[in-house]
Amino acid sequence: MKKLLFATLLLAACGGGESAPAPKAEAPKAPEGEAAKVDGKAIYDQYCVSCHQADGTGMGGKMAPDFTQDKARLAKADADLEKSVKDGMTGDIGTMPPWGSTLKDDQIKAVVGYMKATFGK
Ligand code: HEC
């Protein structure tokens with residue numbers, strides 16, 4: 001009984017947390033909100049990895065370009081790559097769906113930047 005009372009008091013003290021200051025340190029690096037830094041890798045892991053694969057080889061170029069072999073791909077201008085991602089593209093390998101309605105421009109920029117830095121070397 002005493003324990004329950006204590007718990008209730010504790011709840012009363014901490015509850016209604018609306019006005020309590022949120023702990024800043026453990027904020028997740030989710031790519032949400034305008035102010036948050038956009039995490040290109042997180043976007044890649046969520047939306048792109050199924051075809052392009054974690055190593056950027058696109059299953060040996062069967063599902064998507066093998067960026068580790070086909071260097072010309074990621075050597076294209078950022079604006080061109082961002083347009084391909086935004087509007088989708090169909091080529092010899094297959095079709096990439098358009099991402100413009102799923103991802104915002106700054107997210108597309110971030111994920112293309114991540115791909116260039118990771119696979120385009
Ligand atoms: C359904 C499979 C699939 C998914 C999911 C996918 N892609 Fe693609 N992607 C492709 C294919 C296929 C191509 C190449 C099309 C071709 O040239 O035949 C491609 C090409 C590309 C290119 C090269 C564009 C160019 O201009 O040559 C980039 C950059 C790219 N994808 C980025 C992304 C990003 C970023 C995501 C996640 C937001 C993503 N892809 C998700 C299949 C996919």
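Visitor: In which helix is Ser 84 found?

Guide: Ser 84 sits in helix H5. Keep in mind that this is a predicted model.

Visitor: Is Ser 84 buried or exposed?

Guide: Buried means under 20% relative accessible area. Ser 84 has 15%, so it is buried.

Visitor: Which residues does Ser 84 touch, not counting residues up to four places away in sequence?

Guide: Ser 84 touches Met 89 and Met 96. Remember Met 96, whose SD atom is a donor to the iron atom of the ligand.

Visitor: What are the protein donors of the iron atom?

Guide: They are His 52, through NE2, and Met 96, through SD. These donors lie 2.0 to 2.1 Å from the iron.

Visitor: Where in the chain do His 52 and Met 96 come from?

Guide: The pair links distant parts of the chain. His 52 belongs to helix H2, residues 40-52. Met 96 belongs to strand S2, residues 95-96. They are 44 residues apart.

Visitor: Why is the arrangement around the iron atom octahedral?

Guide: Start with the ideal. Six octahedral donors have angles of 90 or 180 degrees at the metal. Now the case here. The six donor atoms around the iron subtend angles of 83 to 178°, which makes the arrangement octahedral.

Visitor: Which residues is His 52 in contact with, leaving aside its neighbours within four places in sequence?

Guide: The partners are Tyr 44, Thr 57, Gly 58, Ala 64, Pro 65, Phe 67, Met 96 and Met 115.

Visitor: Which value does phi of Gln 53 have?

Guide: First the general idea. Most residues other than glycine have a negative phi. Phi of Gln 53 is positive, near 70°. Gln 53 lies in the loop between H2 and helix H3.

Visitor: What is phi of Met 59?

Guide: Met 59 has a positive phi of about 60°, although it is not a glycine. Met 59 is found in helix H3. With 43% relative accessibility, Met 59 counts as partly exposed.

Visitor: Back to H5. At what angle do H5 and H6 pack?

Guide: Read helix packing from the axes. Helix H5, residues 78-87, and helix H6, residues 105-119, pack at an angle of about 115°. Their axes are 10 Å apart. The crossing is right-handed.

Visitor: Which residues of H5 and H6 meet?

Guide: From H5 come Asp 78, Leu 81, Glu 82, Val 85 and Lys 86. From H6 come Asp 105, Ile 108, Lys 109, Val 112 and Lys 116. By class, this contact has four nonpolar, no polar and six charged residues.

Visitor: How many helices and strands does the protein chain have?

Guide: The chain has six helices and two strands. From the N terminus on, their order is α-α-α-α-α-β-β-α. Buried residues make up 25% of the 121 residues.

Note on methods:
Residues are numbered from 1 along each chain as its sequence is written. This is a predicted model: local features need pLDDT of at least 70, side-chain atom pairs count only at pLDDT 80 or more; totals for chains, interfaces and linings use all residues. Side-chain values use heavy atoms; hydrogens and water are left out. Axes are lines fitted to C-alpha atoms, for helices over the stretch in contact, and angles run from 0 to 180 degrees between N-to-C directions. Helices (H or I, at least four residues) and strands (E, at least two) are DSSP runs, numbered from the N terminus. A crossing is left-handed if the near helix is turned anticlockwise from the far one by less than a right angle, and right-handed if clockwise. Contact means heavy atoms within 4.5 Å. Ala, Val, Leu, Ile, Met, Phe, Trp, Tyr, Cys and Pro count as nonpolar, Asp, Glu, Lys and Arg as charged, and the others, Gly among them, as polar. Donors are N, O and S atoms within 2.8 Å of the metal (3.2 Å for Na, K and Ca); water is not among the atoms, so sites may look incomplete. Four donors count as tetrahedral if all angles lie between 85 and 135 degrees; four count as square planar and six as octahedral if opposite donors are over 155 degrees apart and all others between 65 and 115; anything else is irregular. Buried means under 20% relative accessible area, exposed over 50%, partly exposed in between (1.4 Å probe, protein chains only).
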